[in-house]
Amino acid sequence: MDKMKWEASPNNLEPFWMGFTPNRAFKRKPRMVARAKDMYYYDLEGNKVMDAAAGLWCVNAGHCRDHIVSAIQDSVAELDFAPTFQYAHPKVFQLASRIATLAPGDLNHVFFCNSGSEAADTALKIALAYQRITGNGGRTRLIGRERGYHGVNFGGTSVGGMTANRKMFGAYLAGVDHLTHTYNRAEQAFSKGEPEWGAHLADDLERLVTLHDASTIAAVIVEPMAGSTGALPPPRGYLKRLREITQKHGILLIFDEVITGFGRLGAAFSAERFGVVPDMITFAKGVTNGTIPMGGVVVRQGIYDAFMQGPDHVHELFHGYTYSGHPVAAAAGLATLDVYRDEKLFERAAKLEATWADAAMTLKGHPLVEDIRTIGLVAGIDLKGIDGKPGLRTYQAMENAFHDYGFMMRIMGDSIAMSPPLIITENQIDEIFSHIMPKVLKSVS
Ligand SMILES: Cc1ncc(COP(=O)(O)O)c(C=O)c1O
C-alpha cells in the first residue's frame, strides 16, 4: 500500500482489523449501520434494522435517547476530562452513590473502569489484595467456570471458560481452576427461566476445595446467567448453593453482571432477582446505555473497610485507569439511570418476560431448532449445525436477517442470542418470533 500521510483511502475496509468477527467474510459483504433511534438501526441506504441485540447487550433504554444525548453533549462542553487519581469531579461521586443504592445488600462502594474486561480484572485484583491485607495471603487461587466469559484481558481470560478465546494465548494466570458449566440439554431443554435441574452442580466447588484446600482460594467468579456461550440461565437454587459454599470456606463470590446488570433480567442487578448477595458485582455496558465506555466493580462495605487502614496519605489500592470515572461517562451514566428510573424499564423487562418467553418458544418444533432458553429479556436459540462447519448456519442466518429481513441478532457458534432494548413492545416481540425468525430459519434450511 502506498501510504499518503493523513489521507484515508475512501471505502477501504482493510485497515480496520475487527475483533470477534470473520474479517474476510464481513468485508466481502459488510453489515454497516449509519444511525439509530429507539428500537432501530438504519443501514447506509436508510433501511430500518430492528435491534434485537441492544447493540451488544448494552443499549437497554433504546438508541439515541434525547436525555442521555444532551447530558453527554453538555458534559463534554463543560468538563472534557478530569483525573480521578488525586483529584476528582462531582458527577463520579453522584453516579457511584446511585449505583450503590441499586446494588443489593451492603454492596455500596464502586470502583470505576472502562469496560467489562477491566471490571473483571479489577474485581480479581481486589479479591487477591483483600485476602492479602486480611491476613490470608495464601489465598491466591481464582476459580472461574467452564463456558464463562469475563472479557478478554489476561485475568478475565484465565478464569473464563471459552476454549476458542483461550487456546491461542499461552498459559494465563497460574493457580486458576474452573467449575463445571451448568448446561445439560437432556435435562434442561426448552426451559423458561431457571431450569429445575442442576442446583447440585454448585457442589463442584466442594471438589475444588478438596483438591486445592480452601486456604488457597481467594475468589470464585461466575456470570449469574452465562451470556456469551449461548445464554445459559442458572439452574434454580444453583447460585444460592454457590453462595453457601463460598461463605462456608471464606471464599469471595464475584458476580459478573456486565450483561445482566441494569435491567436485563428484570431487576437492577440479577443478584436481586436470584436473592443472592455476592461480595462483588462487576458491571459495564448498560450503565451508560452503551453511549460512552464505562465499567466498574461494586464491593461490599467490609471489603472497602478492610482497605481503609494505614497512614491516610498513602494510596489504599494501587490500581486504577486514566479514564476511571471519566466525567462524560459519569454524565452519561447519571442520565441513563434517570431514563431507567423514569420509564420503569427494569419493571418493564420483568413484566414482558412471560410474553417474550412464550413468543420465543413458538419456534420449538422447527426442524433446525435444538433448544431454546429464555430468561428476562434474553433468548438463546441453538440451531442444528452443518456437519463439519460449526457456526456456518448461524452466520448465514445473521447475514440473511440483516440484509433481507432488517434484523440484528447475535450469534455464537451454533447459537443465536437475542437481548433487545427493554423498550421493546409486545407487537415487536410478535414480529420477531411470528414473522422475522420463521423467514430467517427458512432461509438457512
Ligand atoms: C459477562 C461479561 N463479562 C465481561 C465482558 C467484557 O466486556 P467488554 O467487552 O466491555 O470488555 C462481557 C462482554 O460481553 C460479558 O458479557
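1. Strands β1 and β2. In this predicted model, strand β1 (residues 33-37) runs antiparallel to strand β2 (residues 40-43), and four bridges join the two. Ala36 has Tyr41 in β2 as its bridge partner. The two strands form a hairpin with two residues between them. Asp38, in the turn, has a positive phi of about 55°.

2. Met39. The loop between β1 and β2 also holds Met39. This residue counts as buried because 20 C-beta neighbours lie inside 10 Å, and 20 or more is the condition for that class. Leaving aside neighbours within four places in sequence, Met39 is in contact with Met50, Asp51, Gly62, Pro421, Ile423, Ile424 and Gln428. Of these, Pro421 is 382 residues away from Met39 along the chain, yet the C-alpha atoms of the two are separated by 6.7 Å.

3. Strands β2 and β3. Strand β2 also pairs with strand β3 (residues 48-51), in the antiparallel sense and over three bridges. Here Tyr40 has Met50 in β3 as its bridge partner. Met50 is also among the contacts of Met39. The hairpin of β2 and β3 has four residues between the strands, and Gly46 takes a positive phi near 90° in this hairpin.

4. Division into domains. The protein is divided into domain 1, made up of 23-64 and 344-443, and domain 2, which covers 69-342. Taken over C-alpha atoms, the centres of domain 1 and domain 2 are separated by 26 Å. The contact takes 31 residues from domain 1 and 30 residues from domain 2.

5. The domain 1 side of the contact. Which elements give two or more residues to the side of domain 1 that touches domain 2? They are α2 (54-57), α14 (345-361), β11 (369-375), β12 (378-383) and β15 (415-418). The most comes from α14, which gives seven residues. By class, this side of domain 1 has 19 nonpolar, seven polar and five charged residues.

6. Strands β11 and β12. Ile372 stands opposite Ile381 in β12. The hairpin of β11 and β12 has two residues between the strands, and Gly376 takes a positive phi near 50° there.

7. Helix α3. Helix α3 (residues 66-78) has 13 residues, which should span 18 Å at 1.5 Å a residue; the end C-alpha atoms of α3 are 18 Å apart, in agreement with that value. The buried residues of this helix are Ile68, Ala71 and Ser75. They lie on the same side of α3, because they cover an arc of only 60° around the axis. In general, an α-helix has 3.6 residues a turn, so residues three or four places apart point the same way. The buried residues of α3 pack against α13 (327-342). The face turned away from the buried side carries the exposed residues Asp66, Ser70, Gln73 and Ala77.

8. Helix α4. Helix α4 (residues 90-102) has 13 residues and reaches 19 Å from its first C-alpha to its last, close to the 18 Å expected at 1.5 Å a residue. Which residues of α4 are buried? These are Lys91, Val92, Leu95, Ala96, Ile99 and Leu102. Seen down the axis, the buried residues of α4 fall within an arc of 135°, so they line one face of the helix. They pack against β4 (107-113), β10 (295-300) and α13. The helix α13 also packs against the buried residues of α3. On the other side of α4, Pro90, Ser97 and Thr101 are exposed.

9. Ile259. The loop between β8 (252-256) and α11 (270-274) holds Ile259. Is this residue buried or exposed? Ile259 counts as buried, because it has 30 C-beta neighbours inside 10 Å. Not counting residues up to four places away in sequence, Ile259 touches Trp57, Gly227, Arg264 and Lys285. Ser419 is 160 residues away from Ile259 along the chain, and the C-alpha atoms of the two are separated by 9.5 Å.

How values were computed. Residues numbered from 1 in each chain as written. Predicted model: local features only at pLDDT ≥ 70, side-chain atom pairs only at ≥ 80, totals over all residues. Buried ≥ 20, exposed ≤ 12 C-beta atoms within 10 Å, placed from the backbone. Contact = placed C-beta atoms within 7 Å. Pairing = 2+ DSSP bridges. Domains from an automatic or database assignment. Nonpolar A, V, L, I, M, F, W, Y, C, P; charged D, E, K, R; others polar. Expected span 1.5 Å × (residues − 1). Arc of directions from axis to C-beta.
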